[in-house]
Amino acid sequence: MLAAFAHATSADDPVSALSVGERPEPIPPDGWVPITVRAASLNHHDVWTLRGAVTPAGGLPCVLGTDAAGVDDDGNEYVIHGVLGDPARGRGDETLDPERSVLSDAGHGTLAARIVVPRRNLVPKPAELSWAEAACLPTAWLTAYRMLFTKARARPGDRVLVQGAGGGVATAAILLARAAGLWVRVVTRDPAKADRAAELGAHEVVMSGTRLPSDCDVVLDTVGQATWKSSLGAVRPGGTVVLSGATTGFDAPTNLARLFSRQINVLGSTMGTRTELEDLIGFLVAGGVRPLVDSVAPLDSAGEQFSRLLSGQVFGKVVVEP
Ligand SMILES: NC(=O)c1ccc[n+]([C@@H]2O[C@H](COP(=O)([O-])OP(=O)(O)OC[C@H]3O[C@@H](n4cnc5c(N)ncnc54)[C@H](OP(=O)(O)O)[C@@H]3O)[C@@H](O)[C@H]2O)c1
């Protein structure tokens with residue numbers, strides 16, 4: 001079957017570590033189900049694997065991908081929850097299972113014609129969502145949903161700052177926040193992306209490096225090192241900063257005096273539970289919001305699509321179809 005996989009790792013040239021070609025079809029262990037993939041989306045997590053920052057349990061070669069939507073052998077349509085974890089070991093939350101993994105890290109990534117997933121990871125796909133839209137949900141959109149609503153407990157009228165404009169998580173956060181009645185400020189490096197964030201509904205868009213007022217109830221950061229100082233500066237006393245990624249690096253000094261004197265809540269967040277994925281899907285169906293799809297391309301062009309993702313020119317999610 002056709003798959004996009006890491007055959008090596010390269011910290012400096014991650015796309016050179018990618019191959020697209022034939023891989024053996026995975027055999028489902030007990031309790032797992034084979035799925036024919038209709039659409040899958042690319043994530044920065046795949047880039048971390050190609051760079052060698054994430055080590056797949058089964059070694060290399062490793063099929064990439066944590067997002068997909070597809071059909072089982074009876075024709076039932078599903079969104080695939082990408083988290084492998086036991087809610088019981090995580091005190092009711094599989095993302096807190098100490099042995100938690102995601103599909104590609106366990107060796108069964110989603111950038112393939114056929115995949116195998118645990119039965120509990122199958123979430124019914126509503127007819128209202130296209131295959132491409134459904135394939136955007138399990139990683140970036142679920143992460144943004146959990147950051148906003150589970151972690152920060154954002155409420156209508158709250159002021160939210162989103163670091164970055166065009167990323168998968170950033171576009172999801174902007175659209176979800178607007179749909180939930182929040183006031184949204186976006187910080188971006190790129191004037192063209194600033195215009196597009198405003199079109200998505202951001203109330204205010206500012207360029208990176210602008211001094212920000214400390215007036216936001218919630219700050220969502222996936223950029224890390226480059227934005228951490230500004231994230232802590234942008235939150236109101238008693239407000240919440242949620243971090244779920246560090247694209248630009250992991251070493252960011254923190255002003256501890258500011259943290260305690262202004263009683264800032266700093267929360268980490270990762271992916272989301274199956275229940276949160278169901279809630280997210282319900283939110284989209286009822287509210288009419290849809291994932292922003294940058295482009296849909298054949299799976300065999302995955303190398304080109306990863307190059308686009310790394311170039312920073314993408315706005316929204318990049319989807320591939322086997
Ligand atoms: N913990 C989790 O479960 C989880 C889930 C999903 C993602 N993540 C992580 O979150 C990060 C973003 O993921 P993604 O899928 O949204 O990635 P992406 O689609 O590649 O987006 C990258 C984002 O980072 C911003 N950015 C990049 N470099 C920047 C810089 N130097 N200064 C300011 N902003 C910068 C971009 O903003 P512009 O619009 O200004 O270009 C863009 O919004 C990745 O590190 C990923 O691994 C973690």
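User: In which loop is the place of Gly107?

Analyst: This is a predicted model, in which local features need pLDDT of at least 70 and side-chain atom pairs count only at pLDDT 80 or more, while totals for chains, interfaces and linings use all residues. Residues are numbered from 1 along each chain as its sequence is written, and side-chain values use heavy atoms, with hydrogens and water left out. Elements are DSSP runs numbered from the N terminus: helices (H or I) have at least four residues and strands (E) at least two. Gly107 lies in the loop between helix 2 (103-106) and strand 9 (114-118). Its C-alpha is 5.6 Å from that of Gly58, although 49 residues separate Gly107 and Gly58 in sequence.

User: Why does Gly107 count as partly exposed?

Analyst: The classes rest on relative accessible area, computed with a 1.4 Å probe on protein chains only: buried is under 20%, exposed is over 50%, and partly exposed is in between. Gly107 counts as partly exposed because its relative accessibility is 31%.

User: How many residues of strand 12 are buried?

Analyst: Strand 12 (residues 183-188) is mostly covered, with 6 of its 6 residues buried. Trp183, Arg185 and Val187 point one way, Val184, Val186 and Thr188 point the other way, and all are buried.

User: Which strands does strand 12 pair with, and how do they run?

Analyst: Two strands pair if DSSP finds at least two bridges between them. Strand 11 and strand 12 run parallel and are joined by 5 bridges; Leu161 stands opposite Arg185 of strand 12. Strand 12 also runs parallel to strand 13 (residues 204-207), through 4 bridges, and Thr188 has Met207 of strand 13 as its bridge partner.

User: Which handedness do the β-α-β units have?

Analyst: The crossover is viewed with the strands pointing away from the viewer; it is right-handed if the path from the first strand over the helix to the second runs clockwise. Strand 11, helix 5 and strand 12 form a right-handed unit. Strand 12, helix 6 (residues 191-200) and strand 13 form a right-handed unit as well.

User: How many cavities of 30 Å³ or more are there, and what lines the largest cavity?

Analyst: Rolling a probe the size of a water molecule over the atoms shows where empty space is left. On a 1 Å grid over the protein atoms alone, a cavity is a set of points where a 1.4 Å probe fits but cannot get out; a pocket is an open set with protein on both sides within 12 Å along at least five of seven lines; lining residues have an atom within 4 Å of a point. Points are joined across faces, edges and corners, and a volume is the space filled by probe spheres set on them. The count is 1 cavity of 30 Å³ or more, and the largest cavity has a volume of about 40 Å³. Its lining consists of Met147, Val162, Gln163, Val169, Ala170, Ala173, Leu220, Asp221 and Thr222. Strand 11 (159-163), helix 5 (168-179) and strand 14 (216-221) each give two or more residues to this lining, and helix 5 gives the most, with 3 residues.

User: Is Thr227 buried or exposed?

Analyst: Thr227 is buried because its relative accessible area is 12%. Thr227 is placed in the loop between strand 14 and helix 7 (228-234). Leaving aside residues up to four places away in sequence, Thr227 touches Gln163 and Asp221 (contact means heavy atoms within 4.5 Å).
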